[in-house]
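Colleague: Before we go into any detail, could you show me how to read a model of this kind, starting with the way its helices and strands are arranged?

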Amino acid sequence: MVFILSKSKKILAIASGGGHWVQLLRLRPAFEGSQVTYVTTIDGYQSALGDAKCFVIKDASRWDKLGLLIMLFQIFFILIQIRPDVLITTGAAPGVFALRLGKLFRAKTLWLDSIANAEDISLSGKIAGPHADLWLTQWQELEKEEGPFYKGRVL
Amino acid sequence: MIFVTVGTQLTFDRLINTIDQWAATSSDEVIAQIGPSDLKPKNMLWQQFLSPTEFSEYIEKARVIIAHAGMGSILTAMQFKKPIIILPRREKFGEHRNDHQFATAKQFINVEGIHVAMDDGELVSLLQSIQSLTVCSGVSPYASPELLTAITCFIEES
């Protein structure tokens, strides 16, 4: 008898603190069996994650260019360390950088647009989504042929 | 105890001022997380920021939550089974860079346990019936099976 054991996948799960993070955590059953590393912008979430590693990076919006640069480097160094097979993000700005950089590391990338964006895709979703291997919206009305696709919601 | 939160990013002084005024006559203790605001509320205990642990403690102790229409606040209230009053930030008041909270609020109008105030007037009305707000009967701690399946397949196929 031959058993083929597939190596468990390395997932990098990244989201800004607040609503994006709450939604990311609701995806955890899908991560079972994989090695997950989390990345977020608020210190103090780690206690909810059990043994999983969690990096805290700088939070920055598009008006804080220096902050964004710091965030970019922090994400780059995390990717060098972790080298994930899969990168999953619910946004916002950290997800944009991670998704684009993740491609350099040959990760398969998934962008899940926030359930808060009921009438239009988020700005960061419009930037990052087209580059994701799977671009999802949580509102069926926003589904398009070329993406984003609707596959359900966090709620 | 009534717990008020404006989220982790921006101020929402319109909400804080309305609640502060009402809190003068409230029989409940009111505690507010006000964000990076210069306001100094007079009728409630307040802090600009809370750690995730402090935030969870206040949510657990609260009888009712009052918040901006942010998904973090809404999902947290549902997960902890607390009635929540939400007031959306409006772009026209400079409270956010777009009106997605207004869109979010519209989607939650008929959801059990989520009490939507579209403006200050509706907020004041809801505050007057704060003793009898319905609560969400419970929500799974996780995403819909459809979404979890799609993501599981995505991970497995990579």
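Modeller: Bear in mind that this is a predicted model. Helix α3 (residues 93-104) of chain A lies across β1 (10-14), β4 and β5 of chain A, and runs at about 160° to β5(A).

Colleague: In what order do the strands of chain A form the sheet, and what is the pairing?

Modeller: Strands of a sheet pair through backbone hydrogen bonds, in either a parallel or an antiparallel manner. Here 7 strands of chain A form an open sheet in the order β3-β2-β1-β4-β5-β6-β7, and the pairing is parallel. The edge strands, each pairing on one side only, are β3 (53-56) and β7 (149-150) of chain A. As one instance of pairing, β4(A) and β5(A) are joined in the parallel sense over 4 bridges, and T89(A) stands opposite W111(A) in β5(A).

Colleague: Which strands of chain A does helix α6 of chain B lie across?

Modeller: Helix α6 (residues 145-157) of chain B lies across β1, β4, β5, β6 and β7 of chain A, running at about 165° to β5(A).

Colleague: What is the area buried between chain A and chain B?

Modeller: The size of an interface is often given as the accessible area lost when the parts come together. Between chain A and chain B about 3,100 Å² is buried, with carbon and sulfur atoms giving 68% of that area, and the contact takes 44 residues from chain A and 34 residues from chain B.

Colleague: Which side chains meet in a salt bridge?

Modeller: The count between the two chains is 1 salt bridge, in which the side chains of K106(B) and E119(A) meet at 3.2 Å, N to O.

Technical notes. Residues are numbered from 1 along each chain as its sequence is written. Chains are lettered from A and ligands numbered from 1 in the order in which they are written. This is a predicted model: local features need pLDDT of at least 70, side-chain atom pairs count only at pLDDT 80 or more; totals for chains, interfaces and linings use all residues. Side-chain values use heavy atoms; hydrogens and water are left out. Contact means heavy atoms within 4.5 Å. Buried area is the accessible area (1.4 Å probe) that two parts lose on being put together, summed over both. A salt bridge is a side-chain nitrogen of Lys or Arg within 4 Å of a carboxyl oxygen of Asp or Glu. Two strands pair if DSSP finds at least two bridges between them. Helices (H or I, at least four residues) and strands (E, at least two) are DSSP runs, numbered from the N terminus. Axes are lines fitted to C-alpha atoms, for helices over the stretch in contact, and angles run from 0 to 180 degrees between N-to-C directions.
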